[in-house]
Number of protein chains: 2
Amino acid sequence: MKTIGIGLLGFGTVGAGVVEGLQRQDATLAARLGLGFALRRIADLDLERDRGVAVDRSLLTRDAAAVVNDPAVDVVVELIGGCGAAQQLILQALALGKPVVTANKALLAAHGAEIFQAAEARQTPVYFEASVGGGIPIIKALREGLVANNIRSIYGILNGTCNYILTRMEQEQAPFDAALRAAQAAGYAEAEPSLDIDGHDTAHKAVILAALAYGCPVPLSAASVEGIRGLAMEDLGNALEMGYRIKLLGIVKLGPAGVGVRVQPTLVPRAHLLAAVSGVFNAIQVDGDLAGQTLYYGRGAGRTATASAVLSDLADVARDLAAGQRRMAPVHAAAGRTLQLQPADDIAVRCYLRLTLLDKPGMLARVAQVLGKHGISIASVMQKEARAGQHVPVVIVTHQAAEHQFRSALALIDRMEIIGAPTVRLRIEDFE
Amino acid sequence: MKTIGIGLLGFGTVGAGVVEGLQRQDATLAARLGLGFALRRIADLDLERDRGVAVDRSLLTRDAAAVVNDPAVDVVVELIGGCGAAQQLILQALALGKPVVTANKALLAAHGAEIFQAAEARQTPVYFEASVGGGIPIIKALREGLVANNIRSIYGILNGTCNYILTRMEQEQAPFDAALRAAQAAGYAEAEPSLDIDGHDTAHKAVILAALAYGCPVPLSAASVEGIRGLAMEDLGNALEMGYRIKLLGIVKLGPAGVGVRVQPTLVPRAHLLAAVSGVFNAIQVDGDLAGQTLYYGRGAGRTATASAVLSDLADVARDLAAGQRRMAPVHAAAGRTLQLQPADDIAVRCYLRLTLLDKPGMLARVAQVLGKHGISIASVMQKEARAGQHVPVVIVTHQAAEHQFRSALALIDRMEIIGAPTVRLRIEDFE
């Protein structure tokens with residue numbers, strides 16, 4: 001039976017999961033693929049820490065480049081993360097004609113164009129199932145399962161940390177800060193949580209999906225990004241009352257003016273499947289012109305789920321190598337082609353506006369007038385009973401208007417003396 | 001650019017969708033795959049009917065075998081359906097070393113073992129994405145995306161007709177017969193609907209998924225099958241009141257005693273994603289030992305969705321052919337290995353029982369005594385207010401017990417003089 005030699009770069013949580021998976025599923029993989037895997041070398045800066053998985057210490061080294069160069073290594077698994085050493089090591093592997101499997105979403109989002117170009121030049125594949133959606137085979141679904149579809153839209157809950165925080169806020173009536181601390185205590189959020197809660201991680205994944213869907217590099221700067229930091233319980237409650245849940249969505253949508261990529265806390269109708277995705281789970285809805293809407297759900301992170309995705313990529317590499325085939329179709333179909341991107345300012349959205357309005361007659365009319373002048377029409381208004389104090393919260397749900405119209409209108413409204421605090425604006429998605 | 005010649009067998013709804021898809025997505029597929037498709041010949045008994053898609057009449061023939069034999073045909077797409085001519089034509093194609101793409105679930109469920117054996121013997125692949133879940137790439141997810149997972153369970157809403165009927169019953173308060181007629185009027189159900197509503201179509205798909213998950217042939221006779229024919233509004237209403245929706249599920253579950261395969265109308269907790277799947281949509285939840293729970297959702301049937309799956313298979317075939325590779329890993333990993341199947345009688349289930357009980361004191365105790373003697377303990381009882389007449393409906397929710405215990409107990413109970421009508425029994429799934 002043919003054996004594929006693996007060089008592993010990065011022996012952290014996911015790396016240990018991959019090693020454990022290779023050991024545990026040895027027989028399963030051999031039966032299903034008709035070939036075996038052998039872990040040749042493992043590079044990590046820390047050679048001492050116990051990862052909870054037994055490996056021959058002689059496999060361990062601090063020299064990642066030596067692992068890539070080792071002639072016994074047929075495929076390089078990059079789990080170091082980040083945009084430093086990881087990028088050089090991947091390019092080094094490709095230069096040697098060694099296929100690469102990576103979970104590095106930050107790198108692919110920032111430097112995917114160079115990496116896929118190098119892969120194309122060397123006719124050597126880069127697989128990246130683990131970069132988006134953890135154990136959900138979304139890359140394979142998009143790249144192969146929906147290969148005959150022109151993609152109209154992608155809506156994804158792509159960050160388990162944020163979804164955990166939102167679920168906890170809703171279910172436990174916990175304010176944002178308490179929910180974040182709970183996520184940190186549970187190991188779902190980092191001590192420095194901004195990559196997750198400010199939406200950057202979701203943006204990385206949205207950009208990777210957009211690049212794959214449209215076969216073109218998509219610069220990270222093309223995505224307009226808002227996170228969930230400081231989201232108020234009051235807005236979650238209002239949303240629920242109106243029949244919505246708030247989810248942090250990565251959205252890729254093809255319109256007449258091009259492809260828009262954005263990350264936003266979004267009001268999702270409660271009857272929609274995405275609204276039913278709770279805790280650390282992820283889900284991605286893809287709309288294709290033939291298949292229509294399909295949705296993919298599962299664990300977005302974690303040791304074994306991510307290992308499942310890495311092992312699936314290794315199986316694809318192994319099938320290629322066993323057949324003497326060195327590559328699959330390029331990720332970016334038309335080299336040099338650039339995608340027409342829709343400027344974030346032009347994207348049309350419906351909004352939820354929570355104004356803090358002076359509690360006197362005629363105030364709402366003044367706000368409505370400014371909105372109207374900016375082409376924003378009102379679908380409904382909800383005014384809660386007055387609390388102690390001069391101001392009352394007023395929730396306005398609008399019809400569609402462009403982002404820039406909302407921004408201009410709110411810049412004026414928030415300067416009016418009748419407004420007691422900056423207006424909260426959230427998008428509403430109707431999935432039409 | 002290399003061109004793959006296609007021979008199409010069966011020019012019905014899906015066949016026309018495939019032809020339309022090939023025409024419409026010609027440029028997309030060429031860009032993504034680096035090769036082209038050419039439709040060489042189309043076989044159908046009816047050469048006259050307008051399929052709403054333009055094809056050169058010279059491609060049409062009544063002679064399906066000639067299409068398979070045509071040297072210009074590199075791959076055979078079988079969309080005839082059924083277990084007659086389709087099987088012979090597929091075997092003929094494999095004998096010629098021509099890869100096959102099929103949507104034929106009935107054939108694969110009944111004769112998959114022979115077909116996959118022939119494929120293995122000729123080292124020629126059979127692809128069947130369109131046989132389960134329409135446009136959902138579930139076969140690819142299970143076979144490739146989750147390749148490193150041992151599968152613990154699969155729960156699927158696999159028949160859009162039944163799900164449409166159930167959704168309509170619930171949303172429109174329509175009794176079963178009216179909902180079936182509505183499904184027929186909408187083109188979702190056949191004039192002779194038993195294949196769908198009696199659960200057979202779901203069983204075909206469950207057996208295909210089980211065979212794929214465990215790498216062994218699974219005989220159709222292994223599945224215990226109940227459909228939704230005659231399901232009462234009363235039970236849907238009771239289920240809703242108790243926090244459940246009724247869905248027809250295909251269930252494949254690995255237990256200590258083997259793999260159980262069954263099709264049953266099932267009470268699904270309303271918070272579960274499967275409960276939120278409405279109308280003609282399908283969804284499949286797969287539990288793998290590494291990935292954990294993943295779920296796949298989309299259109300289970302229809303011209304373009306099914307075509308999307310067929311074209312995805314054609315893309316896989318094309319990649320193989322372009323690389324000079326003729327096969328992928330076998331569907332049934334260990335030739336000759338047989339799967340240990342759990343007898344349906346031994347499967348442990350929780351049940352919903354609706355008894356029609358004489359309205360006198362002490363009657364429930366008599367029923368409870370019989371249940372207890374058969375090892376069935378009661379979790380809760382719901383008795384509606386008495387109606388006119390001697391009998392009242394009493395709903396009992398049980399804890400887990402084996403199927404045969406329920407059958408024995410109800411055989412006795414339904415013979416008691418205090419019972420006014422046969423007891424309705426439905427399974428409750430907690431997905432644990």
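The model is predicted: local features need pLDDT of at least 70, side-chain atom pairs count only at pLDDT 80 or more, and totals for chains, interfaces and linings use all residues. Residues are numbered from 1 along each chain as its sequence is written, while chains are lettered from A in the order in which they are written.

**Domains of chain A**
- Chain A comprises domain 1 (3-136 + 303-322), domain 2 (139-299) and domain 3 (347-428), with bounds from an automatic or database domain assignment.
- In chain A, 16 residues of domain 1 are in contact with 17 residues of domain 2 (contact: C-beta atoms, placed from the backbone, within 7 Å).

**Helix pair in chain A**
- Helix α6 (residues 138-145) and helix α10 (residues 200-214) of chain A pack at an angle of about 15°, with their axes 9 Å apart; helices are DSSP runs (H or I, at least four residues) numbered from the N terminus, and axes are lines fitted to C-alpha atoms over the stretch in contact, with angles from 0 to 180 degrees between N-to-C directions.
- α6(A) is therefore roughly parallel to α10(A) (angles under 35 degrees).
- I139(A), L142(A) and R143(A) of α6(A) meet L209(A), L212(A) and A213(A) of α10(A).

Definitions and conventions:
Two residues are in contact if their C-beta atoms, placed from the backbone, lie within 7 Å. Helices (H or I, at least four residues) and strands (E, at least two) are DSSP runs, numbered from the N terminus. Angles under 35 degrees count as roughly parallel, over 145 as roughly antiparallel, 65 to 115 as roughly perpendicular and the rest as oblique.
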